[in-house]
Amino acid sequence: MDTTDVVLVVGAGPVGLTTACQLARQGVPVRIVDALEQPTTESRAVGVHARSMEMLAALGVLPRLEVRGRRIDALEILDGRTGATRTNLDVTGVPSRHPYVLDVPQPDTEAVLADRAAELGVVVERGVTLTALTQDADGVDVTLRTRDGEETARVGWVVGADGGHSSTRTLAGAKLEGGFHGQHFAMADVDIDTAWAPDTIRMFQHPDGMGILFPLAGTRARIMFFVDDPGSGAPDPTLAQIQALADARMGRKVTVRDPRWLTYFEVHHAQVPRYRLGRVLLAGDAAHIHSPAGAQGMNTGIQDAANLAWKLALVARHRADAALLDSYHDERHPVGAMVVRTTTTLTNVGTASGPEAAVRDVAMVVVGHLPRVAGTGAATLAETTIGYRDSTLAVHRGHHRHGAARAGEHAPDPDGLLRPDGSPVTVEGLLGRPGMVLLVRTGEAATVDELRGVLGDLGTVVRVVSDAGAAGECVLDPDDVLGRAYGLGSEGLALIRPDGYLGLVADQADAAALRAYLADTLRIGQPSTV
């Protein structure tokens, strides 16, 4: 094996592990290293949103994760002095097969992803730190410090998923740009006693600062409070201090016990100017850092990984030109910028005082009585509103049916699709196979064969029919749910990227259109026949 075919992933948190899994399942040799000798036991990121769960379902790990977590159906904003509800955002109406938040400690997420990586032949190398890198047109020379000394290696690409203090980012010559001093929080991973139902994330507004309660499995919870700067070198908060904050800002309705992790942290808001630095690519907190408000950080990073991995797989396997990787920055940098803005606003709103707090409180009551506004907020937090319609990779050919999805949007996953044996079919299930999925409607079996020849080993062609009379692999759509969701008539095709977004949508089952999209838009050479 040519070492320049190898991708080095630095960081074995959820973002790095997702990247490694997605690369490995698409046939790319991967090394993943992490500076920690053992996986973290700190709960860290706890909320997994709908868009991430869709990707994790396609990766085959969501059921394993769900048994470790707590399903959350709503986000609630309360008066911290009285415990009275001001706003309730019901997330069960989010347009996804997973209309809820899954609260699960980060160590569990990492353990599930690490198991999946091992199944794919990738084992985390622990106690390994990246200390130097030099890149040229053909590869990257890296120096790794291990418990046995230094190792030098040459790899094709480096993915920096090593967090907010990323060594990869520094060695590649990039810097975070933004705000580095701001609000401070006390955080606790504890067991709690409360009369509140554990199916809701609660944010408490209080004149002294907000509090947030994330229920986890059993009686475990993550709670956070906005606090004054504890000062450099301050000891971690005590359980008694956390209880005092809970009494003051959670209406005396939460009792804390059995602490696992108590700490202070400071919120920063920043982003790197470029996600791609030649053969080095940054993802997750290495590329953007922001407030934990809305539980966006890990989810945004997981979606960075999903967007990057399929493109890097094509390039690393010498199937596509490296210019394809520029679309990673073009598609994900605006998303990261939006998340930084949104979480900054949420934090500023939650920590407002004086007249600003009074305005905020009135606004929260108004939002709570406007279901459409509340629904939009829930969908935004779930990241189901994110799309790439302006991307150069989004191509729509022919007529577009009103209300149907467009190229660049996330592929709808409607109920009603069946296998010939009558069992249900999901789009996320179809994406469980490596590569792209091409949904085709045509009356000509020869056209399907031609499309399979064009797509080759880049993915799977699935013929969509209205009854079970068609030969070969097909999906039944007796109620035309794909017609409504994708705008496909009796003829047409929709190419779903491995990250679940629509690349090409056409109102004709046209092999020439698919061939042009692969060659001109994705910069892919001639696919291999299956």
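**Notebook: burial, rings and contacts in a predicted model**

I began with His184, which counts as buried because its relative accessibility is 12%, where buried stands for under 20% relative accessible area, exposed for over 50% and partly exposed for what lies in between, computed with a 1.4 Å probe and protein chains only. Before going on I noted that this is a predicted model, in which local features need pLDDT of at least 70 and side-chain atom pairs count only at pLDDT 80 or more, while totals for chains, interfaces and linings use all residues. I also noted that residues are numbered from 1 along each chain as its sequence is written, and that side-chain values use heavy atoms, with hydrogens and water left out.

**Entry on His184**

I placed His184 in strand β14, residues 184-194; helices here are DSSP runs of H or I with at least four residues, strands are runs of E with at least two, and both are numbered from the N terminus. Leaving aside residues up to four places away in sequence, I found His184 touching Phe225, Phe226, Val227, Asp228, Asp229, Pro230, Phe265 and Glu266, a contact being heavy atoms within 4.5 Å.

**Entry on the whole chain**

I then looked up the chain as a whole, whose secondary structure comes to 14 helices and 28 strands. The radius of gyration is 24 Å, close to the 24 Å of the globule rule for 530 residues, so the chain is as compact as a globular protein of that length; the radius is taken over C-alpha atoms, and the rule is 2.2 Å times the number of residues to the power 0.38. Along the principal axes, the C-alpha atoms fill a box of roughly 70 × 60 × 40 Å. I noted that 57% of the 530 residues count as buried, and that, among contacts with a separation of 6 or more, 71% come from residues 24 or more positions apart. The accessible surface is about 20,800 Å², with 52% of it belonging to carbon and sulfur atoms, as given by the Shrake-Rupley method with a 1.4 Å probe. For charge, I recorded 49 positive and 65 negative side chains, the centres of the two sets lying 2 Å apart; Lys and Arg count as positive, Asp and Glu as negative, and His and the chain ends are not counted.

**Entry on aromatic rings**

Rings of Phe, Tyr and Trp (its six-membered ring) pair if their centres lie within 6.5 Å, with planes under 30 degrees apart called stacked, over 60 edge-to-face and the rest tilted. By this rule I have a count of 5 aromatic pairs. One of them joins Trp196 and Phe204, whose ring centres are 5.4 Å apart with planes at 50°, so the pair is tilted. Trp196 counts as buried at 18% relative accessibility, and Phe204 counts as buried at 0%. Tyr388 and Tyr501 have ring centres 4.6 Å apart and planes at 45°, so this pair is tilted. It links distant parts of the chain, 113 residues apart, with Tyr388 in the loop between α10 (371-381) and β23 (395-397) and Tyr501 in the loop between β27 (492-496) and β28 (502-506). Both Tyr388 and Tyr501 are buried. I also noted a cluster in which ring pairs link Phe185, Phe226 and Phe265; Phe226 and Phe265 are among the residues that His184 touches.

Val339 is found in helix α8, residues 326-350, and is buried with a relative accessible area of 2%. Not counting residues up to four places away in sequence, Val339 touches His290, Gln296 and Thr300. Its C-alpha atom is separated by 39 Å from that of Arg452, 113 residues apart along the chain.

Gly416 sits in the loop between β23 and α11 (427-430) and is partly exposed, at a relative accessible area of 31%. Its C-alpha atom is separated by 8.4 Å from that of Leu476, 60 residues apart along the chain, and, with residues up to four places away in sequence not counted, Gly416 touches Leu476, Pro478 and Val481.

**Entry on positive phi values**

I looked up His318, where phi is near 60°, a positive value in a residue other than glycine. His318 is found in the loop between α7 (297-316) and α8, and counts as exposed at 60% relative accessibility. Phi of Arg523 is near 60° as well, again positive in a residue other than glycine. Arg523 has its place in the segment after α14 (511-521) and counts as partly exposed at 44% relative accessibility.

How values were computed
The place of a charge is taken as NZ of Lys, CZ of Arg, CG of Asp or CD of Glu.
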